[in-house]
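We will go from stop to stop, with something to select at each one.

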Amino acid sequence: MGAGGRGFESRRPDVITKPEVRYAQSGDVSIAYTVTGGGDFDLVVVPGYISNLDLFWESPLAQTYERWGSFSRLILFDKRGTGISDPVDKPATLEQRMDDVRAVMDAAGSERAALLGVSEGGAMSLLFAATYPERVSALVLFGSMARTTEAPDYPYAAPRDALVESDAELAQYWGQGITAEIFVPSIADIPEMREFGAKLERQGASPGMRKKYYEMFLDVDVRHVLPLVHQPALVLHSHGDRVVNVRAGRYVAEHLPNAKFVELPGIDHSLLGNPAALDEVEEFLTGAKPAARVDRVLSTVMFTDLVSSTRRAAELGDDNWRRVLDNHERLVRAELGRHRGNEIKTTGDGFLATFDGPARAIDCGVAVTDSIRDLGVEARVGVHSGEIELRGTDIAGIAVHIASRVGSLAGASEVLVSETVKGLVAGSGIAFEERGEHELKGVPEKWRLFAVARS
């Protein structure tokens with residue numbers, strides 16, 4: 001999988017065109033691959049734990065692939081036994097996986113390419129670069145390691161027994177989104193992220209194949225290969241990576257003859273939503289800094305959410321509840337238009353929206369709670385102002401997280417705001433009732449919250 005930074009990049013299906021899936025023959029095994037983009041050089045992404053080409057193009061990773069395809073001819077594949085490649089009786093050795101990459105490159109008409117190895121895909125990428133130097137122009141590694149378990153001369157990984165024990169716990173929850181907590185803990189509590197993780201687990205590898213690949217993963221050690229990789233290399237690693245210690249990434253860079261090491265902020269073992277990593281990859285492979293983008297602005301963020309929606313859905317039945325949701329969405333969008341709100345996305349039975357002023361956000365929140373009462377439902381609303389990151393059609397950043405947490409604490413038909421918002425609307429005539437200090441999960445310090453007073 002692949003996120004550093006706060007936020008889940010929800011993507012609409014019409015934003016990116018899904019490329020055609022083809023199959024390369026590697027011995028008796030068919031390897032699924034796609035080619036997209038139109039850059040001057042080829043870039044082959046070597047996946048980590050699990051992948052699924054069909055699912056990825058309906059996921060937040062699609063925007064990452066679109067970014068890479070803007071400056072390269074991008075080649076993606078599912079390793080054997082995973083995704084939509086052929087199932088196999090046992091996991092592939094690193095040698096077999098090298099054969100698979102060669103087969104994919106041959107089928108895609110790629111004589112030479114840069115390799116981007118993610119997580120444990122980095123070990124095979126290192127081995128491939130040393131074995132077939134004429135076919136590799138450059139190497140990028142993210143969250144990778146040279147050895148996967150602790151050894152007397154390698155203290156940068158967990159002991160084998162500890163990894164086996166943690167894998168046993170992971171196996172109990174496979175298919176339910178457990179990988180979101182492991183690989184992208186900073187955004188694992190966002191429902192869309194959890195749902196994507198669950199789908200990826202179920203469609204990426206069966207429980208049995210996952211277990212076999214993990215057992216093979218425990219035996220990986222390519223440290224002796226590092227001095228033999230002479231291509232330019234970029235090694236990226238999140239500072240607080242909880243899966244692979246940042247010292248393991250630094251070890252790789254220190255033992256490669258021609259490597260640059262970049263320590264990125266964050267705790268995620270994933271490229272998902274990590275703009276700093278994407279910028280580093282583009283600059284390294286193209287030799288040019290990405291064009292400057294205005295991607296951080298001050299904004300007011302509003303979350304809405306229907307109260308007791310599960311109970312109401314059960315009471316009304318599926319058809320009636322669908323009609324309620326359709327009318328709810330129509331009314332909320334009408335209020336957003338009236339108050340100059342910008343709809344970012346729907347969140348099941350709620351909305352995420354931004355405003356260029358906090359007073360308009362508050363007025364909109366009040367209007368939403370009033371307008372939907374006739375539908376027999378009530379909404380809670382959370383509002384916060386702060387700096388957000390613009391990510392295509394989506395937004396991210398700590399301000400988004402705070403607004404979500406504030407909204408979760410609001411009562412039925414209540415608009416709850418942060419102290420920041422209260423200070424920004426001074427003089428507007430909007431009255432508030434103090435709701436005390438609260439700890440917001442994942443946010444430093446305590447926050448004073450205020451409810452908008454009703455006249």
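How many residues of the lining of the second largest pocket are nonpolar, how many polar and how many charged? The lining divides into 16 nonpolar, 5 polar and 8 charged residues. Keep in mind as you look around that this is a predicted model.

**Stop 1: the second largest pocket**

Start by selecting Leu163, Ser166, Ile182, Tyr214 and Val243, which lie nearest the centre of the second largest pocket. They belong to a lining of 29 residues, and the space in this pocket comes to about 680 Å³. Rolling a probe the size of a water molecule over the atoms shows where empty space is left.

Now colour the helices around the pocket. Helix H5 (160–172), helix H6 (178–183), helix H8 (207–217) and helix H9 (246–255) each supply at least two residues of the lining. Of the contributors, H5 gives the most, with 5 residues.

**Stop 2: helices H11 and H12**

Two packed helices are described by the angle between their axes and the distance between the axes. Select residues 309–316 for helix H11 and residues 318–338 for helix H12; their axes come within 6 Å and cross at roughly 130°. That angle makes H11 oblique to H12. The crossing of H11 past H12 is right-handed.

To see the contact itself, show the side chains of Ser309, Arg312, Ala313 and Leu316 on H11, then Asp318, Asn320, Trp321 and Val324 on H12. By class, this contact of H11 with H12 has 4 nonpolar, 2 polar and 2 charged residues.

**Stop 3: helices H12 and H13**

Which residues meet here, in H12 and in H13? On the H12 side, pick Leu331, Val332, Glu335 and Leu336; in H13 they meet Cys364, Ala367, Val368 and Ser371. The residues of this contact of H12 with H13 divide into 6 nonpolar, 1 polar and 1 charged.

**Stop 4: two loop residues**

Most residues other than glycine have a negative phi, and most peptide bonds are trans. With that in mind, select arginine 340, in the loop between H12 and strand E10 (342–346). Its phi is near 60°, a positive value in a residue other than glycine.

Serine 413 is not a glycine either, yet its phi is positive, at about 60°.

Notes:
Residues numbered from 1 in each chain as written. Predicted model: local features only at pLDDT ≥ 70, side-chain atom pairs only at ≥ 80, totals over all residues. Heavy atoms only, no water. 1 Å grid on protein atoms, 1.4 Å probe; cavity = no way out; pocket = protein on both sides within 12 Å on 5 of 7 lines; lining within 4 Å. Points joined across faces, edges and corners; volume = space filled by probe spheres on them. Helix = DSSP H or I, 4+ residues; strand = E, 2+ residues; numbered from the N terminus. Nonpolar A, V, L, I, M, F, W, Y, C, P; charged D, E, K, R; others polar. Axes fitted to C-alpha atoms, helices over the stretch in contact; angles between N-to-C directions. Parallel < 35°, antiparallel > 145°, perpendicular 65-115°, else oblique. Left-handed = near helix turned anticlockwise from the far one by under 90°. Contact = heavy atoms within 4.5 Å.
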